[in-house]
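Here's a quick tour of some local features in this structure. Have a look at the model first, then read on.

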Amino acid sequence: MTIGIDDLPIRDELRGKSPYGAPQLDVPVQLNTNENPYELPAELVARIAERVADAARTLNRYPDRDAVELRTELAAYLTRTGKHPVARENVWAANGSNEVIQQLLQTFGGPGRTAIGFEPSYSMHALISRGTGTGWISGPRREDFTIDTEAAERAIADHAPDVVFITSPNNPTGTAVDAETVLALYEAAQAAKPSLVIVDEAYVEFSHRDSLLPLIEGRPHMVISRTMSKAFGAAGLRLGYLAAHPAVVDAVQLVRLPYHLSAVTQATALAALEHTDTLLGYVEQLKAERDRLVTELRAIGYEVTESDANFIQFGKFEDSHTAWQKILDHGVLVRDNGVPGRLRVTAGTPAENDAFLEAVRALKKEQH
Ligand code: PMP
């Protein structure tokens, strides 16, 4: 007899569900998970080896539980780029921003509590909510994928959620949210509950707009979530972080596992931060490639959602899954996020983007 997940005594709310799963297929051009396509520069690889060797000598000991040096450097990075001074006390780090979000939901969500996001948006917000026993509320978006402030305020007032997610730039649509909307939703969330507002800025370095970081000033229930997976080109490192009032940083320590950030992770992240300027140099190239893709996709005849991220949502397709497969038949992997009639492509190297454009040009010809 074969035993499957549902034969096990798992929690009822996990029964029949599937795990988060962007396909990891071995194809020549992978433009499906919003990674940075450039490998790390040799000087940085050498520096990581040096820092990790240093850390290795004392792996007999637990790492710095509070990641003090790393949080200090992350605070310096945010201060330099975010137009708002933050200190180590404002910053917390974990294994990817997914873990940051999980810790926030363990602290501010949980059984009997709810979280809201404005969908389509990053699917892990709903999945981590489920994993932490937090009820999920799907909030509205306009047809053009922007947030309708009044409709969102109404949804917050109606449901009085404990946690509000605002993703800017949004994944998978690329849509940025302006500060006025975020402030209006923060006010609505405070009036309704009060609740924690998480602004997920995983892609903000690619945006035409400034970070919303300054909004944390005087707003102790506002959290900015960031990651080194995208702009820093370090998805394999697993390092995410948040900026908020120091009380929020104290609060997440109630749920974090002791020594959650390994000494190897801390050493590697510190080495990467020493090379911030080189790494962010790629961001400018990727923004230029993103803009080129938008122009070319429109010239071919596709409908493109305005993007502030390192990826683009495009369509429309009668059947997005068939379109996804046809693009894959050309050796190019893009993402079907389940948004009807749309697909998402990550900006890659110029050669990868050319291969993608060739594939979607061929697809367009076929459709006519
Ligand atoms: N937030 C958003 C909006 C994302 O798209 C992603 C990654 N796809 C993450 C958070 C999580 O990234 P990580 O855990 O690698 O920091």
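For burial, C-beta atoms are placed from the backbone, and a residue is buried if 20 or more others lie within 10 Å of its own, exposed if 12 or fewer, and partly exposed in between.

Before going further, keep in mind that this is a predicted model: local features need pLDDT of at least 70, side-chain atom pairs count only at pLDDT 80 or more, and totals for chains, interfaces and linings use all residues. Residues are numbered from 1 along each chain as its sequence is written.

Back to alanine 160, which sits in the loop between H5 and E5, just after H5. Helices (H or I, at least four residues) and strands (E, at least two) are DSSP runs, numbered from the N terminus. The residue takes a positive phi of about 40° despite not being a glycine. Tyrosine 259, also not a glycine, has a positive phi of about 60°. You'll find tyrosine 259 in the loop between helix H7 (246-252) and helix H8 (263-274), and its 13 C-beta neighbours inside 10 Å make it partly exposed.

| Site | Backbone feature | Value |
|---|---|---|
| Alanine 160 | positive phi | about 40° |
| Tyrosine 259 | positive phi | about 60° |
| Asparagine 171 to proline 172 | cis peptide, omega | about 15° |
| Glycine 315 to lysine 316 | cis peptide, omega | near -15° |

Proline 172 belongs to the loop between E5 and H6, while lysine 316 is in the loop between strand E10 (311-315) and helix H10 (320-329).

Now for helix H5 itself. Its buried residues, in the run 149-159, are Ala152, Ala155 and Ile156. Looking down the H5 axis, these fall within an arc of 95°, so they line one face of the helix; the arc is that of the directions from the helix axis to the C-beta atoms. Glu150, Ala157 and Asp158 are exposed on the other side of H5. The cover over the buried residues includes strands E3 (114-118), E4 (135-139) and E5 (163-167), plus helix H6 (179-192).

What about the ligand? There are 13 residues around it, and Gly96, Ser97, Ala202, Thr227 and Ser229 come nearest; a residue counts as near if its C-beta atom, placed from the backbone, lies within 6 Å. Helix H3 (residues 96-108) gives the largest share of this shell, three residues.

Lysine 230 comes with a note from a record: an unreviewed UniProt entry lists Lys230 for "modified residue: N6-(pyridoxal phosphate)lysine". Lysine 230 is in the loop between strand E7 (222-227) and strand E8 (240-243), and with 26 other C-beta atoms within 10 Å it is buried. Leaving out residues up to four places away in sequence, lysine 230 touches Asn34, Asn36, Ala202, Tyr203 and Asn310, where contact means C-beta atoms, placed from the backbone, within 7 Å.

Last stop: an open sheet of three strands, ordered E9-E10-E12 with antiparallel pairing. Strands E9 (303-304) and E12 (342-346) stand at the edges with a single partner strand each, so one side of each has no neighbour in the sheet. E10 and E12 pair over five bridges, and two strands pair if DSSP finds at least two bridges between them. Isoleucine 312 stands opposite valine 345 in E12.

Technical notes
Two residues are in contact if their C-beta atoms, placed from the backbone, lie within 7 Å. UniProt positions are given in the numbering used here, feature names are shortened, and annotations may be inferred rather than shown by experiment.
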